[in-house]
Amino acid sequence: MTACPKSAVNAGQPFWAAVGGPTPTALRLGLFDPLFNSARLYGIARWGPGTGAMLAAAASRHPLRAAIVDDFGSMTYRDLDRSASNLAAYLRRAMPRGSVGVLCRNHRGFLLAQVGIERAGHDVVMLSTALPAGRLVEVVERENIKVLIADTEFLPLIDECGFSDKPAGHAEPSGTPRRERPLLLVADGSGEGSLQPFSRGLSWIASPSRRAGVVLLTSGTTGVPKGARRANKAPGPEAYSILEQLPYQVGDVYHIASPLFHAWGLSQSTIALSTASTLILHRKFDAEVVIDLLESRALDVLAVVPLMLRRILFAAADADDAGRVLHSPRIVASSGNVLSGDLALEWMDRFGDRLFNLYGSTETGMGTIARPADMRVAPGTVGRAPRGVTLSILDPDGMPLPPGQTGAIYLSSAMQFSGYSDGSDRTRFGSLMETNDLGYLDDRGLLHVNGRAGDMIVTGGENVFPSAVEEALERVFGVEAACVVGLPHDDYGQVVVAFVVAREGVRLEAERLRRALVEDLPSYMVPREFRFVEALPMTTTGKVIRHQLAVLGQAERL
């Protein structure tokens, strides 16, 4: 078990209030700027701890600085702050109860909605842009969503949900109960019924009577996503420890390529607003957009999921061939999925040792951080637990395991969620919460994640972690992506099957892949079958939807 030292931060006290002196971290975060700190304290007194308070502080200290640059242009901190308060005043009048759902891509409307809902005192539900109509209906009902703030592209999806303008439970002549239609605001539209009118004027609004919460949908790949509830509260020692290890600064320029509705993207936007930084947002990830930003030297911080790193590297190779000069941001932060050691090294070899790999989950919050030096000595590691976080590798009875032994990964910190919307919870041993991942600590105390507990393949009595086979496959020339699963087999229980995506213009053959793998892997880990597919089914955060793979591709058996 890795236990981190206790902090001097008292419960509910802003983390900067406990900083003992003008350390380099405190100075670059503006924690000794008296005007910024006064604005932060006033914001917390006015709105409570949360994003709303941090936006108010940034707007007070840097009112004319660009908060967001997106497809609509530039929006200052003052304008974003006023628009959020106007939206909050409207929501107070429009809905005395219930929560508000946000169904948006990455643009100003998302952050305006998030802060406005929080200031209104309502819970905000971050909805995945990949939800089909049936799942959206179930989430709207379960989370008691009374207002939907959605992009124009999702209006047909909402119509498909079959909501009724009649009260909930009202039966149609057929006897089928209809679902009450939430009030709808268009996030990226103009005119009445959109967020655009809230940019005009300034509505006075009292402090919220209740502290709003955030509901994040889990990124699981089966069934209806659960709602993980989080309370807005003052950041604790683990938050400051993360800011110590990643060199964020006041006034940085960010590009958050990962979806804002996911815990990873949301955490990065919160840090950006807390440091009065500028967010460059694009609705969807586009590697060419990132290449343009890297060429322009515009970026200080790039936040991605690992799949995006690989696509940026492909685009960078084309840029190199064209003679374009690319510059690395000061921070490239990756999370949300497994970052392979090979990919981490390839990125750092191309763009320098400025890559950070963060590990955690929607439920546990951030758990570990791997710095560039960690990944140089132990490629594939997710690093160490920061101060304020406790990490342990446990056996099935909840007993700690020594370094080198694989077990269940458990985390404990003040960042843990407060439970699922349906009243269920994650397995806990005391304050430790399961992550549903398996892994081990090496002799340096660095954590290595083998994969999800449910993804492990048992073939002929041998345990196979898919990530090890996938990483070996992706080292083979011509392989763009790979996913390995276990399919039923009468004799072995399961057999290892690989789904492979070839790079454009490359023809792959099963025998060539097998010959490459037998040099790296034990025979029981080498796939018995290869299926070549055009693309892998993925979630919006780059996780492969493994249960959809069995019906894909033409098999080449060996």
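Where is arginine 297 found? In this predicted model, arginine 297 sits in the loop between helix H10 (287–296) and strand E13 (301–304). Its phi is near 60°, a positive value in a residue other than glycine. Most residues other than glycine have a negative phi. With 63% relative accessibility, arginine 297 counts as exposed, because the cut-off for that label is over 50%. Alanine 276 is another non-glycine residue with a positive phi, here about 50°. This alanine belongs to the loop between helix H9 (263–274) and strand E12. At 0% relative accessibility, alanine 276 counts as buried.

Strand E12 leads on to the open sheet. Eight strands make up this sheet, in the order E2-E1-E12-E11-E13-E14-E15-E16, and the pairing is mixed. The edges are taken by strand E2 (73–76) and strand E16 (365–370); each has a single partner strand, so one side of each goes without a neighbour in the sheet. On average, neighbouring strands of the sheet are turned by 20° against each other, direction ignored. Helix H4 (residues 77–94) packs on the sheet, where it touches strand E1 (66–70) and E2. The direction of H4 makes about 75° with that of E2.

Further into the sheet, strand E11 (residues 253–256) and strand E12 (residues 278–280) are paired in the parallel sense over three bridges. Valine 253 stands opposite threonine 278 in E12, and histidine 255 has isoleucine 280 as its bridge partner there. In a regular strand the side chains alternate between the two faces of the sheet. Strand E11 is covered on both faces, with Val253 and His255 buried on one side and Tyr254 and Ile256 buried on the other.

Eight of its ten residues are buried, so E20 is largely enclosed by the rest of the structure. Strand E18 (residues 407–412) runs antiparallel to E20 and is joined to it by four bridges, with glycine 407 opposite glycine 439. Strand E19 (residues 428–429) also pairs with E20 in the antiparallel sense, over two bridges, and arginine 428 stands opposite methionine 433. E19 and E20 form a hairpin with two residues between them, and glycine 430 in the turn has a positive phi of about 65°. On to strand E21 (residues 447–452): five bridges join this strand to E20, again antiparallel, and leucine 441 faces leucine 447 across the pair. The hairpin of E20 and E21 has five residues between the strands, and its glycine 445 takes a positive phi near 85°.

As for helix packing, the axes of helix H2 (residues 34–47) and helix H3 (residues 51–61) come within 8 Å and cross at roughly 140°. That angle makes H2 oblique to H3. The crossing of the two helices is right-handed. Residues making the contact include Leu35, Phe36, Ile44 and Trp47 of H2, along with Met54, Ala57 and Arg61 of H3.

Nonpolar side chains tend to be buried together in soluble globular proteins. Here the largest nonpolar core has 112 residues, of which Phe110, Met126, Ile149, Tyr248, Ile312, Leu355 and Leu447 touch the most other members. Leaving aside residues up to four places away in sequence, isoleucine 149 touches several residues, among them Leu87, Val100, Cys104, Ile117, Leu185 and Leu195.

Terms used
Residues numbered from 1 in each chain as written. Predicted model: local features only at pLDDT ≥ 70, side-chain atom pairs only at ≥ 80, totals over all residues. Heavy atoms only, no water. Core = buried A, V, L, I, M, F, W, Y, C linked by side-chain atoms within 4.5 Å. Buried < 20%, exposed > 50% of the residue type's maximum accessible area, 1.4 Å probe, protein only. Contact = heavy atoms within 4.5 Å. Pairing = 2+ DSSP bridges. Axes fitted to C-alpha atoms, helices over the stretch in contact; angles between N-to-C directions. Parallel < 35°, antiparallel > 145°, perpendicular 65-115°, else oblique. Left-handed = near helix turned anticlockwise from the far one by under 90°.
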